[in-house]
Amino acid sequence: MEEPLVPLVPMSHTAHIRSHRKPRRNAPSLAMRAGVAGGVLSTLAVAGAAGSASAAEPVTQTMELPTLTADLATQVAESADATQQTAANYQLQAERDAAAAKAAKQAKADLADAKTKAEAKKKAEAARKAAAADAVSRSSARTVLSASASTSTNVAAPASGSVATVVAFLKAQVGDAYVMGGTGPNAWDCSGLVQAAFKQVGVDLPRVSQDQSVSGTPVSLSNVQVGDILYWGAAGSAYHVGVYIGNGQYLDAANPSKGVVIQDLSGYPATGAVRVL
C-alpha cells in the first residue's frame, strides 16, 4: 500500500525567522468579532425599517394638530371676549335707560313742586290784597263809628223780650273756648255762637258768617241797636260776626286765644250790621 502524498507548501525564505511570521488568529476572537459585526448590522437594519415605516405614515396630521388646537383656542377666546363685551354693552344701556327714567321722574316732580309753589305764591298775594282792602274798610268803619258813638253808646239792653233772651244767653257763654266749627255747648266759633243765641227765641239763622251777614234788614252802624248782628268784611262774604250788646260793646267768640268775650267796638270796628229782631 502506497502512502499518500503530502503536498509540499513552499515556505517563505523568512518563515524560519520568528518575528516575520503572521500571528495566527484564534477561533474565539474571530467569533466575537463576527458577533459584534452582526449586531451592528442588525441594529442598522431595524433602524432602517423603522425609518421606512415612519416615512410611510401621514406626517401632516401630527404636525398640523397643534396649529388647529391653537386656532380653536384663539377663536374661543375671541368669542368669549365678544360675548363679555356684548353683555357689558347691554348693562351700560340698561344703566343709561335707568338714569334717563330717574331724571324724567325728578323733572316731573320738580315741575309739580314749582306749580305748587306758584299757586301758593298766587294765593298769598291774593290774601295780601284782601287784607289790604280789609284794612281800608276797617279804617272807613272807624270813621263812621266815631261819628255815631255818641248816639249808640247810650242804648241799653231791654229788660225783657226776645232781645233780652238773646243777650242773656250770650253773656252766659262768656269764658267758653273758641273752636273752629264749634257749636256748643262749651266751645264755639263766631257764627255757631250767634246761631245758637238767636235759636233761643225761635230765629233760625244760617250756619256761617257769610250768610248771617245778609240775613234780616241791613242797618247803618250809626243806628245800631242791642241785639243787632255785627259783621266784619263785605256783606255776603263776611269773615266774622258778633252781637251788639249796648254801651259801645259787642259779644263774640273771638279767637282761640280769647275765646268768648265782650269787647269794645272802638278797638275793632265792624264793617256793617243787620237786624233780625
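Is Val167 buried or exposed in this predicted model, and at what relative accessibility? At 4% relative accessibility, Val167 counts as buried (buried means under 20% relative accessible area, exposed over 50%, and partly exposed in between, with a 1.4 Å probe and protein chains only).

The model is predicted, with local features needing pLDDT of at least 70 and side-chain atom pairs counting only at pLDDT 80 or more, while totals for chains, interfaces and linings use all residues. Residues are numbered from 1 along each chain as its sequence is written, and side-chain values use heavy atoms, with hydrogens and water left out.

**Figure 1. Overview of the protein.** The protein has 5 helices and 8 strands (DSSP runs numbered from the N terminus, helices being H or I of at least four residues and strands E of at least two). Along the sequence the pattern reads α-α-α-β-β-α-α-β-β-β-β-β-β. Of the 277 residues, 25% are buried. Among contacts (heavy atoms within 4.5 Å) between residues at least 6 apart in sequence, 57% join residues at least 24 apart.

Figure 2. Val167 lies in helix H3. Leaving aside neighbours within four places in sequence, Val167 is in contact with Val226 and Ile245. The C-alpha atoms of Val167 and Ile245 are separated by 6.7 Å, although the two residues are 78 apart along the chain. The buried residues of H3 are Val163, Ala164, Val166, Val167, Phe169 and Leu170. An α-helix has 3.6 residues a turn, so residues three or four places apart point the same way. The packing partners of the buried residues of H3 are E2, H4, E5 and E6.

**Figure 3. Packing of helix H3 on helix H4.** Helix H3 (residues 162–172) and helix H4 (residues 190–199) pack at an angle of about 135°, and their axes are 8 Å apart (axes are lines fitted to C-alpha atoms, for helices over the stretch in contact, and angles run from 0 to 180 degrees between N-to-C directions). H3 is therefore oblique to H4 (angles under 35 degrees count as roughly parallel, over 145 as roughly antiparallel, 65 to 115 as roughly perpendicular, and the rest as oblique). H3 contributes Val166, Phe169 and Leu170 to the contact, and H4 contributes Leu193, Ala196, Ala197 and Phe198. The residues of this contact divide into 7 nonpolar, no polar and no charged (Ala, Val, Leu, Ile, Met, Phe, Trp, Tyr, Cys and Pro count as nonpolar, Asp, Glu, Lys and Arg as charged, and the others, Gly among them, as polar).

**Figure 4. Burial of helix H4.** Because 9 of the 10 residues of H4 are buried, H4 is largely enclosed by the rest of the structure. The buried residues are Cys190, Ser191, Gly192, Leu193, Val194, Gln195, Ala196, Ala197 and Phe198.

Figure 5. Gln173 is placed in the loop between H3 and E1. With a relative accessible area of 10%, Gln173 is buried. Not counting residues up to four places away in sequence, Gln173 touches Pro185, Trp188, Leu193 and Val260. Pro185 is found in the loop between strand E1 (177–178) and strand E2 (187–188). The peptide bond that joins Gly184 and Pro185 is cis, with omega about 0°.

**Figure 6. Ser209 at helix H5.** Ser209 lies in helix H5 (residues 209–212) and is buried, with a relative accessible area of 7%. A polar atom of the Ser209 side chain lies 2.9 Å from the backbone oxygen of Ala238. Apart from neighbours within four places in sequence, Ser209 is in contact with Ser191, Ala238, Tyr239, His240 and Val241. The C-alpha atoms of Ser209 and Gly233, 24 residues apart along the chain, are separated by 9.8 Å.

Figure 7. Gln263 is found in strand E7 (residues 260–264) and counts as buried at 15% relative accessibility. The side chains of Gln263 and Asp252 make a polar contact (3.1 Å); a polar contact is a pair of N or O atoms within 3.5 Å, where within protein one must be able to donate a hydrogen and the other to accept it, and residues adjacent in sequence count only if both atoms are side-chain atoms. Residues touched by Gln263, not counting those up to four places away in sequence, are Gly248, Gln249, Tyr250, Asp252, Ala254 and Lys258. Asn247, in the loop between strand E5 (240–246) and strand E6 (249–253), has a positive phi of about 60° although it is not a glycine. Most residues other than glycine have a negative phi, and most peptide bonds are trans.
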